[in-house]
Amino acid sequence: MAVAKHEKWSSGFTFLLAAIGSAVGLGNIWRFPYVVGENGGGAFVLLYIGMVILFGIPVVMTELLIGRRYQMSPVNSLAHIGQDKPARRLWNALGWSYVLVPIGILSFYGVVAGWTLNYVVKMGSGALTGVDATTVENTFNGMMSDPVVMIFWQTVAMLITMGIVARGVKGGLEKAVEILMPALFIILLVLVAYALYAGDTSKAMDFLFVPDFSKLTGRSVLEAAGQAFFSLSLGSGAIMTYGAYLTKDISIPKMSCGVAFADTLVALLAGLAIFPIVFAHGLDPQAGPGLVFVTLPVVFDGMPFGQLFGILFFLLITFAAVTSTISLLEPMVSYLEERVPHMRLKMTFLAGAVTWAVGVLAALSLNVMSDVKPLGFIQRFADKGVFDLLDYFSANVFMLLNGLMIAFFAGWVMKRTALLEELGLEDSGLFKFWRLLIKVVVPIGVGLIFINFVTEGWLMDSLEGLFNGAMAG
């Protein structure tokens, strides 16, 4: 299968920055710390790390080795491997899913990235200083209800994303992550220091790190496994595509561990940047986007140097958003570039324009199209608009299916010799452990997570009912 060759990363460190940027997103900043606190603090952190080892790292390694083995987009890599296999149409479909799913994610993620850009400007201009909580809430609601504002900032976010991706691996992706990722870490550390100084450090530490094993349940196990999977961007196409740009001298196991470690570190640091302030002002740590866009601006306004640190905070989440959006657009551009060589600029515009158009529908579904429910005839989706449907099916269904199928593919379809050669582990105990995880543990674990999601928690409720009944008996 003759396709255009892609550029390569300049170094393993540059790839590591890009892969971490893909994994670190808005969910790390407002969701992960809360999940930790509600599920036993340090006990859940230990559980989460275990799930990263059992599920996260093995699948990262799998996606990287497939990408690097064939040095093509997911569509062509999986088509090449599966061309002589009985279920080749299934593997072709999986390749397409690895390219289309990130477009679905980017369609609504670009809308949220637009919110963060808007708030950087508002915070910098002083529009959020000297105002009360009602005014800030009205500002957020006004943004959400104004289709022109929503589409404008979504367009800006997509243009930034397209501008970076259009410049290629070395001229675009590398230069962006070499600037954005160090800046993200510096801003995060500054915010942590500020929060620990100005906030309730003791309560935040207890919330995040003090183990309370009594809070761990069967649901916590699935929560930790799901968080490990989603946090590392598995099944989204980004990691496999970035793997296609890796040179042969870079260790896939080491890079996979590095990505997992850094992603977890950023999530925990984000907790230390937010929750001391949250607890010092008696706020609800479960508020999610409302906490970020409504409550924290009011809190920053009442603190010393609050405007400065408010600007830094929204820059932080903007950088996290942009490093994720470029990784979501790249899989489709990579495939189109293989079909039409030397036309990356036009192919980026084509992929970006389609994504932007779907994103416009997502943005409008939050205001003027809020009464449009495409799947309203199905009871469980009766209240979901375009934005919510894109979020639900991309993240909760197709990413999980992709991860489940890619583990099965590597464990049961790919040749053992190809796996050994690409991972560089030789026929060692470590390789056998990885293969056991990818053949058995990951498919079973991800399969259970998938069933639990699509049944809206029925599986976990049933298991806990059986467990409680057995204990009572």
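One cavity of 30 Å³ or more is found in this predicted model, where a cavity is a set of points, on a 1 Å grid over the protein atoms alone, at which a 1.4 Å probe fits but cannot get out. The volume of the largest cavity comes to about 40 Å³, taken as the space filled by probe spheres set on the points, with grid points joined across faces, edges and corners. Its lining consists of Leu-191, Ala-273, Ile-274, Ile-277, Leu-296, Phe-300 and Phe-313, a residue being counted when it has an atom within 4 Å of a point. Helices here are DSSP runs (H or I, at least four residues), numbered from the N terminus. By class, the lining holds seven nonpolar residues, no polar ones and no charged ones; Ala, Val, Leu, Ile, Met, Phe, Trp, Tyr, Cys and Pro count as nonpolar, Asp, Glu, Lys and Arg as charged, and the others, Gly among them, as polar.

Helix packing comes next. Helix α1 (residues 12–23) packs on helix α9 (residues 168–198) at an angle of about 65°, and the axes are 9 Å apart; axes are lines fitted to C-alpha atoms over the stretch in contact, and angles run from 0 to 180 degrees between N-to-C directions. The angle therefore makes α1 roughly perpendicular to α9 (65 to 115 degrees; under 35 counts as roughly parallel, over 145 as roughly antiparallel and the rest as oblique). The crossing of α1 with α9 is left-handed, meaning that the near helix is turned anticlockwise from the far one by less than a right angle, whereas clockwise would be right-handed. On the α1 side, Thr-14, Leu-17, Ala-18, Ile-20 and Gly-21 meet Glu-174, Val-177, Glu-178, Met-181 and Phe-185 of α9, with contact meaning heavy atoms within 4.5 Å. Six nonpolar, two polar and two charged residues make up this contact.

Helix α4 (residues 42–70) and helix α17 (residues 386–412) cross at roughly 70°, their axes coming within 10 Å, so α4 is roughly perpendicular to α17. This crossing, too, is left-handed. Val-59, Thr-62, Glu-63 and Ile-66 of α4 meet Ile-406, Phe-409 and Ala-410 of α17, a contact of five nonpolar residues, one polar and one charged.

For helix α8 (residues 147–166) and helix α16 (residues 344–364), the axes come within 10 Å and cross at roughly 155°, which means that α8 is roughly antiparallel to α16. Their crossing is right-handed. Residues in this contact include Met-150, Ile-151 and Met-158 in α8 and Phe-349, Trp-356 and Val-360 in α16. The contact divides into 14 nonpolar, six polar and one charged residues.

Residues are numbered from 1 along each chain as its sequence is written, and side-chain values use heavy atoms, with hydrogens and water left out. In this predicted model, local features need pLDDT of at least 70 and side-chain atom pairs count only at pLDDT 80 or more, while totals for chains, interfaces and linings use all residues.

Key
On a 1 Å grid over the protein atoms alone, a cavity is a set of points where a 1.4 Å probe fits but cannot get out, and a pocket is an open set with protein on both sides within 12 Å along at least five of seven lines; lining residues have an atom within 4 Å of a point. Helices (H or I, at least four residues) and strands (E, at least two) are DSSP runs, numbered from the N terminus.
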